[in-house]
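I opened a new notebook page for this chain. My plan was to look up a few things and write down what I found.

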Amino acid sequence: MCEENIIICRCEDITLKEIRELINKGYTTVEEIKRITRAGMGPCQGKTCGLLIAKEISKMTNKPMEEIDLQNIRPPYGGVKFEEILTDRL
């Protein structure tokens, strides 16, 4: 198996080759790669691929992992009960 065919993001079916091509084009943050490929936007929310992408950026740019910004994570939100809204207005 060719190393570049390795799937980095299983949710969005993104390969190592695609990640490397983007890094070579100058996209060197996880957030940029996420926005272009949707890596990390699937059901797992980047729990696995986020770190793999960061590791590849670190490797290809010769930056330590500590200097690589990880993707932004939005916490899940829940609904607001009408009772809570009405209580605040009174």
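I began with burial: buried means under 20% relative accessible area, exposed means over 50%, and partly exposed lies in between (1.4 Å probe, protein chains only). The model is predicted, so I noted that local features need pLDDT of at least 70, that side-chain atom pairs count only at pLDDT 80 or more, and that totals for chains, interfaces and linings use all residues. I also noted that residues are numbered from 1 along each chain as its sequence is written, and that side-chain values use heavy atoms, with hydrogens and water left out.

**Entry 1: cysteines**

I looked up cysteine 49. Its relative accessibility is 1%, so it counts as buried. Next I searched for disulfides (pairs of cysteine sulfur atoms within 2.5 Å). The structure holds zero. Cysteine 2 is in no disulfide, and its nearest cysteine sulfur, that of cysteine 9, is 19 Å away. Cysteine 49 is in no disulfide either; for this residue the nearest cysteine sulfur is also that of cysteine 9, at 3.8 Å. Why does cysteine 2 count as partly exposed? Because its relative accessibility is 43%.

**Entry 2: the whole chain**

I counted helices and strands as DSSP runs, numbered from the N terminus (helices are H or I with at least four residues, strands are E with at least two). The chain has four helices and two strands. From the N terminus on, I read the order β-β-α-α-α-α. I then checked the radius of gyration, taken over C-alpha atoms, against the globule rule of 2.2 Å times the number of residues to the power 0.38. The chain has 18 Å, well over the 12 Å that the rule gives for 90 residues, so it is more spread out than a compact globule. The C-alpha trace spans about 60 × 30 × 20 Å along its principal axes. Of the 90 residues, 30% count as buried.

I also looked up contacts, meaning heavy atoms within 4.5 Å. Among contacts with a separation of 6 or more, 48% come from residues 24 or more positions apart.

**Entry 3: the core**

A nonpolar core is a set of buried Ala, Val, Leu, Ile, Met, Phe, Trp, Tyr and Cys residues joined through side-chain atoms within 4.5 Å. Which members of the largest core touch the most other members? I found Ile8, Ile19, Val30, Ile33, Ile53 and Ile57, out of 15 residues. Strand 1 (7-9), helix 1 (16-24), helix 2 and helix 3 (49-61) each supply at least two residues of this core. In soluble globular proteins, nonpolar side chains tend to be buried together.

I followed isoleucine 33 further. Leaving out residues up to four places away in sequence, isoleucine 33 touches Ile19, Leu22, Ile23, Tyr27, Arg38, Ile53 and Ile57.

Threonine 37 is in helix 2 (residues 30-37). Is threonine 37 buried or exposed? Its relative accessible area is 13%, so I wrote down buried.

I checked its polar contacts (pairs of N or O atoms within 3.5 Å; within protein, one must be able to donate a hydrogen and the other to accept it, and residues adjacent in sequence count only if both atoms are side-chain atoms). A polar atom of the threonine 37 side chain lies 2.7 Å from the backbone oxygen of isoleucine 33. The threonine 37 side chain also reaches the backbone nitrogen of alanine 39, at 3.0 Å. Not counting residues up to four places away in sequence, threonine 37 touches Glu12, Ile14 and Leu22.

Arginine 38 is in the loop between helix 2 and helix 3. Its relative accessibility is 41%, so I marked it partly exposed. With residues up to four places away in sequence left out, arginine 38 touches Glu12 and Ile33.

**Entry 4: positive phi**

Most residues other than glycine have a negative phi. I looked for residues that go the other way.

Aspartate 13 is not a glycine, yet its phi is positive, about 60 degrees. I found aspartate 13 in the loop between strand 1 and strand 2 (14-15). It is exposed, because its relative accessible area is 52%.

Asparagine 62 also has a positive phi of about 60 degrees without being a glycine. It lies in the loop between helix 3 and helix 4. At 69% relative accessibility, asparagine 62 counts as exposed.
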